[in-house]
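Dear colleague,

Please find below the structure that I am handing over to you. My notes on the contacts found in it follow directly after.

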Amino acid sequence: MPAATAGGRPRRWRRVAVAGSATAVGVALTSTAAGAWYYADELLRVRPDPPEFPLTVVAVTGSTVTLSGTGADQPGLLGVHWPGGYARVGPDVRVVRASGTAGTVVRGLRAYPDTPAVGATVRLDFYAAPLEPAELATVTGLDVGEIGYDGPLGRYPATYLPAAGGARWVVHVHGRGGSRAEGYRLMPALHTAGYPQLSVAYRNDDGAPADPGGEFGLGWTESDDLAAAVSEARARGARDVILAGYSMGGAIIGNYLRTHGSDGVAGVLYDAPALSWPDILTYQAAQRGMPRFAARVAATAVRWRAGVDLIAMDQVTRAERLDVPVFLAHGANDSTVPVSSSDALAAARPDLVTYLRTDAEHVQSWNVDPDHYETRVLDFLARLR
């Protein structure tokens with residue numbers, strides 16, 4: 001009996017320990033699966049939220065604005081937006097009062113085309129340009145207009161900027177939940193260089209058809225909308241095109257090249273592109289305190305729910321298939337899309353990738369140094385055949 005008791009007790013405790021571990025693992029798996037499903041839902045669902053205006057205009061002079069609130073000191077040349085108006089603030093930031101993450105700062109101000117009133121609530125954005133083509137025409141002095149093009153789900157709007165005699169067009173593709181204005185920053189410089197341009201809408205955008213499932217395709221479905229836009233450019237005289245993708249616009253372009261091929265594509269401009277959704281999911285899971293395998297669960301959930309194969313769209317693991325020159329810009333402080341994906345693509349294909357690595361936040365490499373950014377882009381384009 002004593003021997004049996006002595007021999008049995010460890011076995012009993014092992015069973016208890018194993019059962020407890022299994023329970024803990026089960027709870028972890030369940031909570032991770034729930035979190036991953038929620039994250040997949042966040043990725044896919046189209047939820048147009050009304051814009052927030054967290055900053056307050058404290059004072060305005062002819063050339064400066066004093067802003068108060070969290071993020072007023074965001075670096076770079078930025079837009080300042082409020083209901084019914086738009087301006088630009090410069091990269092110069094003078095702190096008047098610091099208070100944790102909030103504070104009061106003075107920045108250079110340029111009407112673009114408007115000037116905010118004291119007391120207005122505003123927000124900063126990295127588009128640095130108003131959304132409406134007519135207002136963009138006003139602030140740039142260029143012949144900017146709006147056209148429509150027919151796509152898989154109906155009629156889509158696009159912002160159009162012609163350039164005399166240009167046979168190589170640039171087609172701008174904005175990021176998830178963004179707008180056509182994301183491509184406006186580069187438009188004046190590219191116009192001066194002689195490139196006609198389209199900044200296109202795709203499904204779920206304002207003024208564009210909604211996806212039947214009410215979800216983003218993360219590039220999987222939107223690439224067909226891009227194909228229709230490229231066809232429109234060709235119908236208007238484009239011999240070939242440069243595809244410019246910002247954030248998820250990079251995934252759309254990558255899937256376009258995978259499914260439609262690179263014929264007629266002279267090059268690609270990528271800014272903080274979503275090259276690898278698995279990398280993004282892993283990166284975001286870590287930021288949410290979730291284990292790495294949560295990214296795989298989320299990717300599986302995306303495929304179950306929407307039929308979107310994130311693995312097939314991975315441009316990093318399929319870098320050997322790249323067959324067009326790429327200008328790639330990405331900021332090391334990007335908290336949305338990991339710069340490591342761009343590092344990996346640039347390292348894998350130095351024969352095709354021209355890499356501008358900055359210290360910017362997500363899709364803000366232009367904002368921190370517009371002149372340098374535009375010079376690098378135009379140098380890249382000038383080398384294309």
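Leaving aside residues up to four places away in sequence, Glu182 touches Phe126, Tyr127, His174, Gly175, Tyr246 and Val363 (contact meaning heavy atoms within 4.5 Å). This is a predicted model, in which local features need pLDDT of at least 70 and side-chain atom pairs count only at pLDDT 80 or more, while totals for chains, interfaces and linings use all residues. Residues are numbered from 1 along each chain as its sequence is written, and side-chain values use heavy atoms, with hydrogens and water left out.

Glu182 is located in the loop between strand 9 (168-173) and helix 3 (187-192); helices (H or I, at least four residues) and strands (E, at least two) are DSSP runs, numbered from the N terminus. Glu182 is buried but has no salt bridge, and Arg185, the nearest side chain of opposite charge, is 4.5 Å away. Here buried means under 20% relative accessible area, exposed over 50%, and partly exposed in between (1.4 Å probe, protein chains only). A salt bridge requires a side-chain nitrogen of Lys or Arg within 4 Å of a carboxyl oxygen of Asp or Glu. Lys and Arg count as positive, Asp and Glu as negative, and His and the chain ends are not counted. The Glu182 side chain does reach the backbone nitrogen of Gly175, at 2.8 Å.

The search of the whole structure gave 5 aromatic pairs (rings of Phe, Tyr and Trp, the last by its six-membered ring, with centres within 6.5 Å; planes under 30 degrees apart are stacked, over 60 edge-to-face, the rest tilted). Phe126 and Tyr127 form an edge-to-face pair, with ring centres 5.2 Å apart and planes at 90°. Tyr127 counts as buried, at 16% relative accessibility. Phe327 and Tyr373 are also edge-to-face, at 6.1 Å and 80°. That pair links Phe327 in strand 13 (residues 326-331) to Tyr373 in helix 10 (residues 370-383), 46 residues apart. Ring pairs join Phe327, Tyr373 and Phe380 into a cluster.

The structure holds 17 salt bridges. Glu215, buried at a relative accessible area of 10%, forms one with Arg45 (3.8 Å, N to O) and another with Arg305, where the closest N and O atoms are 2.7 Å apart. Arg305 lies in helix 7 (residues 293-306) and Glu215 in the loop between strand 10 and helix 4, so this bridge ties together parts 90 residues apart in sequence.

With kind regards

Terms used
Polar contact = N/O pair within 3.5 Å; in protein donor to acceptor, adjacent residues only side chain to side chain.
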